[in-house]
Amino acid sequence: MIAEARGREAAETADRLPVARPAQVRRAWVRLVRMDGRAFAAMLALNGLAAAAGLAAPWLLGRIVDEVRAGAGLATVDWLALAILVCALAQIVLSRYAGLAGHRFGERTLARIREEFADRALALPATTVERAGTGDLITRGTTDVAAVGATLRDAGPTMAIAAVQAGFVLAAVFVLSPLLGACGVAGLAGIWFATRWYLRRAVTAYLAEGRANAALAEELAATTSGARTVAALRLEHRRLSACRRAIEECRRTRVRTLFLRSVLFPVVDVSYAIPVAAVLLLGGVLMAQGTVTLGTVVAAALYLRQLSAPLNTILENLELLQSSNASFARVEGLAQAPRGGPAGAASEPVDDRIEVRGVSYAYDAGPDVLHGVDLRVRPGERLAIVGPSGAGKTTLGRLLAGMDTPRTGEVTVGGVPVAGLDPDRLRERVMLVTQEHHVFLGTVRDNLAIAAPDATDAELRAALNAVGADWAVDLDAHLGPGGHRPDGAQAQQLALARVVLADPHTLILDEATALLDPRTARHTERALAAVLAGRTVIAIAHRLQTARDADRVAVMRDGRLTELGTHEELVAAGGAYAALWHSWHGDPTSGPPAPPSRTGR
C-alpha cells in the first residue's frame, strides 16, 4: 500500500509544472538585478544617503542635552534644532527619489518577468499543460506574477530603504558607545531567533498555499466550464465534494501561514522594548561611573527606538517577501518545464511524407489505446480517419501532430521523428485543428494576424471568404465584451481562416467543422480543399460524406487500423466501413455498425 501511494504521489508530481529550487530562484533574482544594475545601484545610493540624513536627528538631540547641561544658551539650541529640521527635510527628499528609483526598477523588472513567462508558457507542449491543468498555469501567470510585481514595486524598495536605515542606525549606536551598541544588539536576539524560526518554515508553507490555490482554480474552472455536462449526468454532488475538498485544503494551508505570523509578530513586538530598556539601565550605570554622558545615553536610546521603524517595516513585508519568493519559484519553474522538442535540432525533414510504424500508446501509464498502428500518408493526399467513438482516432491525430510521443514505434515526417522537431519548425509542416477554438480580445484583424503577421487586408478577407465567414465584413470590428461576441461556429471559422493563412504542409482536422451546420460544414470543407490543394489533409471525421471525398479512408477500431483504401474499395469489401456507410444512409438491409469501443479516444 505504501509503495502504491508513493507511486501515485510520484505520478501526480510528474504531471505538475515544476517549481524552481531556492538556488535557481536566487540566481534568477541576481540575473534580473544585473539586467538593470545602474537603476538598482542608484536606488541603493539614494537609500544610503536618506538613511545617513536620518541619523543626524538623535545625535543632534543628544548634543542639545549635553549643551544645555553645560549651560549653553538659547541660540545654540536653536541652531541645533534647525540642523535637525534640515536633515529631516533632506531625508524626506532623498527617500522620495529613492522610492521613485525603486519603483522604476521594479516596473522594468516586472515587465521582463511577464515577457519571459509568456514566452515560456507559449513554448510549453499542449500535453504538458493538459496534464498539469490549466488552473496551475493560469495561477502562475496571474496571482503569482502579481505577487512578484507587488514585491518589486512596493515591498522590495521599501525593504531596501529599511535595511539600509537599520544598518546605519546600529552602526551609529556602536560609534557612540561600543558597550551600549553591544547591549542593544543583544536585546534584539529575540527578533533574530523568531525570524529564523519563521523563515525555516515559511517557504514550504507558502508553496503549499500556492499549490492549493492552483488546485482550487482548476476545480472551479473545470466545474463551471462543464456545468451543462455536470447537470446532464447529475454529478453535482461529486463536483461539489471535489470543490469543498479543494477549498478545505486552501483553508488548511492559509491557517498554517497565519499560525506562523501569529508566532512571529508578538515576539517581535516584545523584543522592540528590550534593547531600549537595557541601554537605559546600562547607560545609567555608566553615567554614574563617568564613562558616558547623558546625551550619549539619550542618543543611543533614541537610535534603538528609531530602529523599531525600519525593523517593523522589514518584518511587515517579510510575509509578502516569503509569499512572493514562493510565487517567483513557481513562475521561474516554467524554465525547467519540458519543451516540445530540442530547439535548433540539426535534422531536417527531406519531404512531407508522414509514416507511422508500429505505434502503440497509453495515457498516464494505463492500458494501450493504440496497438501496432502502421500508416503511410503520401504528400498531397487527403486521408479520412473514421471509426466508432473511442476507437483511437483523436489519439492518432495527436501523435501525427507531435503533441504526444508513442510508447513504442515512431511517427516521422520526412524521415524525422515528429516529436523531435523544434515546435516552430513542426508547426510549419503539421498543424492540428480541433473543435476547441479561442477568440482573442481585439479586432478580427488581430485574431487573424496571429497566423500571418505580414498578411495584407486582401489576404485576410480571402481567408475569411474561403471558410464562409460572411459575418466578418469589418476587419476592425472588436471581438469580445463591448463588441461582437462570436458564437461557437464563428469562432471555428476564425480558427480555420488562421489555418488558411498559416498554409501548413500537412493539416490534421479533428472534427474541426463539427460546430457548423451540415451545409456550411460541407461548403467550408470544399473551400478548404480548394485553398489547400496540393497540401496533405488528414480529416478525423464522424460525417462519412467527408470520407467519401477523401483519396483514402483509414478505419480505426479498438485502437487498431483495420481497413485502409478508397471509399469505393471499402464499400465493396463489405467490412466495418461498409456497415458504417450503409447505416449512415439508413440502409435497412445492412448490418449494424460496430459497437463503440472504450479503449481509446
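Which helix does Ile92 lie in? Ile92 belongs to helix H5, residues 74-123. These views come from a predicted model, where local features need pLDDT of at least 70, side-chain atom pairs count only at pLDDT 80 or more, and totals for chains, interfaces and linings use all residues. Residues are numbered from 1 along each chain as its sequence is written, and side-chain values use heavy atoms, leaving out hydrogens and water.

**View A. A nonpolar surface patch that includes Ile92.** Trp79, Leu82, Leu85, Val86, Leu89 and Ile92 make a patch of about 650 Å² (patch residues have over 30% relative accessible area and no salt bridge, with nonpolar side chains joined within 5 Å; areas are Shrake-Rupley values with a 1.4 Å probe). Ile92 is exposed, at a relative accessible area of 57% (exposed means over 50%).

**View B. An open sheet of six strands.** The order is E6-E9-E10-E3-E11-E12, with mixed pairing (strands pair if DSSP finds at least two bridges between them; a strand is a DSSP run of at least two residues, a helix one of at least four). Strands E6 (430-433) and E12 (560-565) stand at the edges with a single partner strand each, so one side of each has no neighbour in the sheet. From one strand to the next, the twist averages 15° (angles run from 0 to 180 degrees between N-to-C directions of axes fitted to C-alpha atoms).

**View C. Helix H13 packed on the sheet.** Helix H13 (residues 393-400) touches E3, E6, E9, E10 and E11 (contact means heavy atoms within 4.5 Å). The direction of H13 makes about 150° with that of E10.

Key
Patches are made of residues with over 30% relative accessible area and no salt bridge: like charges are joined within 9 Å, nonpolar side chains (Val, Leu, Ile, Met, Phe, Trp, Tyr) within 5 Å. A salt bridge is a side-chain nitrogen of Lys or Arg within 4 Å of a carboxyl oxygen of Asp or Glu. Buried means under 20% relative accessible area, exposed over 50%, partly exposed in between (1.4 Å probe, protein chains only).
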